[in-house]
Structures are given as structure tokens and as C-alpha cells.
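This briefing covers the architecture of one chain and its packing against a partner chain. Please consult the sequence and structure shown below.

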Amino acid sequence: MMNGYTILFYLLAALTLSCGIMSIATRHIFRAAIYLLFTLIGIAGLYFWLSYEFIAAVQIVVYVGGIVVLIIFSIFLTQQAGEKLTRQKLDRKIWAALAIFCGFALTMVQVLHYQFPLSNNPATVTVRRIGEKMMSMEAGGYALPFEIISMLLLAAMVGCIVIATRSKPEVK
Amino acid sequence: MMEPGLYHILFISTALFFIGVFGFLTRRNLITMLMSIELILNSVNLNFIAFNKYVWPEKMDGLFFTIFIIAIAAAEAAVAIAIIINLYRNNQSIDVNNAEELKY
């Protein structure tokens, strides 16, 4: 009954969810970043488990190699060593927990009641098909979003440089 | 235990989404709030991939949405961290309670 495939899924799910919870529960900001790293690795493992290897590789390269490193650098730049995050008021935590519990219950009830039209065809996702679809200009192709994303990345890069450049101190 | 399928993955992504929302509501440090947003975006990505695999395996739309969301998330994180570092430079703090000059 329990084959390796199933066990692997539950292990990855446990890793993802427990590290996700720890990442928002810990009061050390550096540990929060490391737990976030393991959450993202768990999600990449789930993509591997779903046999979407390309997305898993993109996830590891962009998130684990890029965004988490960026977050850790910004922690180094902005936090004092050994400083803990301020503890939040209890009533705020209680209200937030209540809100997310209601939202979670509502969403899960809706999801479990809805019959998705499941298909048993095997997914055939090769990098070649992804590349052809990404550059295709026919109906259903993704050439236009690809161009828009590249403009967005350029704008974000210019924006970052403008924001992060130290401006001359104004006379107050 | 059951053979894992679409509903299991939807459970994981829903749980991750609300973990992220909880972090966003309770944290008051801008970097940890950014981490919560990353969790939310990742749960959405997982959802898209799961639907792509289990409901429309012969299409690739969910996969492309995931790729574009990852690209947008990278741009968003870079801009957010630039703003955070600039705020820290002016304010010596990245707590949202001390960041009220963003209002004016």
C-alpha cells in the first residue's frame, strides 16, 4: 500500500508545511530566512515529485539561489546581531489565527466539495515543448507575455538602481 | 494513508497560503512580511502546477503562469528590498510602525 512514491510525498509535504510554520513563528529573523529556504526547497521537491523538472529547476535557481540570498543579504544590512523581533500583542495573534482558520476551513470545504474533471493522461512536459510554446506567436503562444515580462524586469532593474542610489542629503 | 493526488496538493497549497497570510498579519518587520508574501506566491504556483498536471495534462498554461509568477516575484522582491534598504538608511529601522513617513 505504502510505496516509496507515497512516502516521498508525505515527507516533502511535512518538510514544506513544518518549515513554513516555523518560518513565521520564530522570533529570530535569520532563522526565519533559513526556514523559508527549506520551505522553498520542499516546494521544489514537490515539483520534482509531480515530474515537472523544469519548474523545479527554475524554483531552485530563482528562489533558493536568488531571492533567499537577497533576503539574507538585506537581513545582514539591516539587523543587529542577536536582536530578536518584537513580540506581537496576543489579541492581534488571536484575531489573525481566527481569521486564517475561518479562511482555511472555508477554502477546504469548497475544494473538497468541488468535483474537478480529473484526467489520467500522463503529462508530457519537455523543455523543447516549453521553449516552442514560449516563443510561439500563434493562438495559445506566450510570445507577448514573454516580451512584457522582459520589459517588467528591465523596469524593475532601473527602478532598483534609482531607489537604492544614495541621494544627497537635503538641507532641512 | 491514501495515494496522494490533486486534493492533497491543494491542501498543502491552501495551508501554505494561510500560513503566509498569518505571517503577513502578525509580523511587523518589513523583511519578514516580504517572506510571507513569498510563501503566498509559492502556494499559488503549487496550485497552478497541480491543476496543470491533474486536470489538463496535455496543456501547459499552468506551467507558463508559474514561470511568469516566478519572474514577477523576483522583480518584486528586488524592488521591495531596494525600498527596505533605502528606508533603513533614512530611518535606522524597518519596522512598519516607524515607517509612517511613507504616507506623506
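In chain A, the C-alpha centres of domain 1 and domain 2 lie 25 Å apart. Domain 1 comprises 1–85 and domain 2 comprises 126–166, with bounds that come from an automatic or database domain assignment. This is a predicted model, in which local features need pLDDT of at least 70, side-chain atom pairs count only at pLDDT 80 or more, and totals for chains, interfaces and linings use all residues. Residues are numbered from 1 along each chain as its sequence is written, while chains are lettered from A and ligands numbered from 1 in the order in which they are written.

**Fold and dimensions of chain A**

- Chain A contains six helices and zero strands, where helices (H or I, at least four residues) and strands (E, at least two) are DSSP runs numbered from the N terminus.
- The radius of gyration of chain A is 21 Å, whereas a compact globule of 172 residues would be near 16 Å; the value is taken over C-alpha atoms, and the globule rule is 2.2 Å times the number of residues to the power 0.38.
- The C-alpha trace of chain A spans about 65 × 45 × 30 Å along its principal axes.
- Buried residues make up 20% of the 172 in chain A (buried: 20 or more other C-beta atoms within 10 Å of the residue's own; exposed: 12 or fewer; partly exposed: in between; C-beta atoms placed from the backbone).

**Helix packing between the chains**

- The axes of helix α2 (residues 29–49) of chain A and helix α2 (residues 30–54) of chain B come within 11 Å and cross at roughly 5°; axes are lines fitted to C-alpha atoms, for helices over the stretch in contact, and angles run from 0 to 180 degrees between N-to-C directions.
- This crossing makes α2(A) roughly parallel to α2(B), a term for angles under 35 degrees.
- Residues making this contact include L36(A), L40(A) and I43(A) of α2(A), and M35(B), L39(B) and L46(B) of α2(B) (contact: C-beta atoms, placed from the backbone, within 7 Å).

**Wider interface**

- Chain A gives 69 residues to the contact between the chains and chain B gives 58.
- On the side of chain B that touches chain A, α3(B) provides the largest share, with 20 residues.

**Loop residue Q79(A)**

- Q79(A) lies in the loop between α3 (53–78) and α4 (90–113) of chain A.
- Q79(A) is partly exposed because 18 other C-beta atoms lie within 10 Å.
- The C-alpha atoms of Q79(A) and F30(A) are separated by 9.2 Å, although these residues are 49 apart along the chain.

Technical notes. Angles under 35 degrees count as roughly parallel, over 145 as roughly antiparallel, 65 to 115 as roughly perpendicular and the rest as oblique. Two residues are in contact if their C-beta atoms, placed from the backbone, lie within 7 Å.
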